[in-house]
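Subject: The structure we talked about

Hi,

Here is the structure for you to open alongside this message. My notes on what turned up in it follow below.

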Amino acid sequence: MSGWIGVAEGVHARRYAALDQTLGLVVGHTRALVVDTGMHEEHGAEFAAAVRELTDLPLTVVITHAHFDHFLGTAAFVGAPVYAHPRCAPAMLERADVGKWAEHYRGQGDPETGERIARARVVPPTHEVPDRLDIDLGGRRVRLLHPGLAHTDHDLAVHVPDVGVVFAGDLVEQGAAPSVGPDAHPARWPGALDVLLALRPETVVPGHGEPVGPRFVAAQRDALSAGST
Ligand SMILES: [Zn+2]
């Protein structure tokens with residue numbers, strides 16, 4: 001199950017039942033930006049086809065971080081420049097969580113998804129964003145930014161200032177508590193959310209769950225600060 005939801009003018013989120021995941025699309029006049037690519041190549045192909053239903057503009061890809069469900073679909077976006085934080089590529093190539101999740105699906109009686117995750121090719125980024133970078137989509141400028149150590153040591157967020165939207169990757173989760181894994185920096189995470197809140201977003205699109213408002217993000221920041229997630 002999957003479907004688009006409109007977030008703002010030319011800003012779309014594609015929702016998936018699997019992992020309650022949310023992928024993104026920002027459309028300008030001359031280019032469109034894809035935010036994350038899905039959990040395996042078949043997922044990426046489905047997402048790429050769905051993107052092509054909305055726009056035929058040249059695509060740029062940004063990977064928010066190197067967890068399997070965010071980057072293993074990139075092969076479907078062949079030829080597109082791929083932006084990520086410099087620490088993202090080594091983490092992708094390490095594929096630290098790929099074996100674990102392939103096993104998870106096999107154990108759940110879904111060996112096909114397990115195989116798809118296990119065999120997905122890693123497409124390394126073509127461009128590094130160590131701090132922040134503006135991308136001109138034609139009549140619309142978006143900013144990629146690394147808000148600091150948080151869900152991983154290499155998260156990127158996407159700010160679309162003309163409509164007050166921030167794609168937060170897994171710094172924000174709706175419908176579940178933020179995922180604090182072994183590669184997370186829980187003590188620094190609230191500070192990274194403050195960086196996103198300082199952008200004064202009207203809408204924040206999480207990596208999993210429905211788009212939320214700034215008050216939701218502030219509450220998640222406070223929960224992380226209290227160590228209660
Ligand atoms: Zn993640």
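Let me start with the metal: the site of the zinc ion is irregular, with angles of 89 to 169° among its four donor atoms. For that label, four donors count as tetrahedral if all angles lie between 85 and 135 degrees, four count as square planar and six as octahedral if opposite donors are over 155 degrees apart and all others between 65 and 115, and anything else is irregular. The protein donors are H65 (NE2), H67 (ND1), H151 (NE2) and D170 (OD), which lie 2.1 to 2.2 Å from the zinc ion. Donors here are N, O and S atoms within 2.8 Å of the metal (3.2 Å for Na, K and Ca), and water is not among the atoms, so sites may look incomplete.

Before going further, please note that this is a predicted model, in which local features need pLDDT of at least 70 and side-chain atom pairs count only at pLDDT 80 or more, while totals for chains, interfaces and linings use all residues. Residues are numbered from 1 along each chain as its sequence is written, and side-chain values use heavy atoms, with hydrogens and water left out.

Back to the zinc ion: along the sequence its donor residues follow the spacing H-x1-H-x83-H-x18-D. Helices (H or I, at least four residues) and strands (E, at least two) are DSSP runs, numbered from the N terminus. H65 is buried at 0% relative accessibility, and D170 is buried too, with a relative accessible area of 3%. Buried means under 20% relative accessible area, exposed over 50%, and partly exposed in between (1.4 Å probe, protein chains only).

Next, the charged pairs. Side chains of opposite charge can pair when their charged atoms come close. The structure holds 14 salt bridges, each a side-chain nitrogen of Lys or Arg within 4 Å of a carboxyl oxygen of Asp or Glu.

- R15 pairs with E210, with the closest N and O atoms 3.2 Å apart. R15 is in strand 2 (residues 11-16) and E210 in the loop between strand 12 (203-208) and helix 7 (214-225), so this pair ties together parts that are 195 residues apart in sequence. R15 is buried at 13%, whereas E210 is partly exposed at 36%.
- E41 and R121 meet at 2.8 Å, N to O. E41 belongs to helix 1 (residues 41-54) and R121 to the loop between helix 5 (111-119) and strand 7 (127-128), so they tie together parts 80 residues apart in sequence. E41 counts as buried at 18%, and R121 as exposed at 53%.
- R106 and E103 have their closest N and O atoms 3.1 Å apart. Both lie in helix 4 (residues 98-107), three residues apart, about one turn of the helix.

Finally, some strands. Strand 8 (residues 132-136) and strand 9 (residues 141-145) pair in the antiparallel sense over five bridges; two strands pair if DSSP finds at least two bridges between them. D134 has R143 in strand 9 as its bridge partner. The two strands form a hairpin with four residues between them, and G138 in the turn has a positive phi of about 85°. Strand 9 also pairs with strand 10 (residues 157-160), again antiparallel, over three bridges.

Happy to talk it through.

Best wishes
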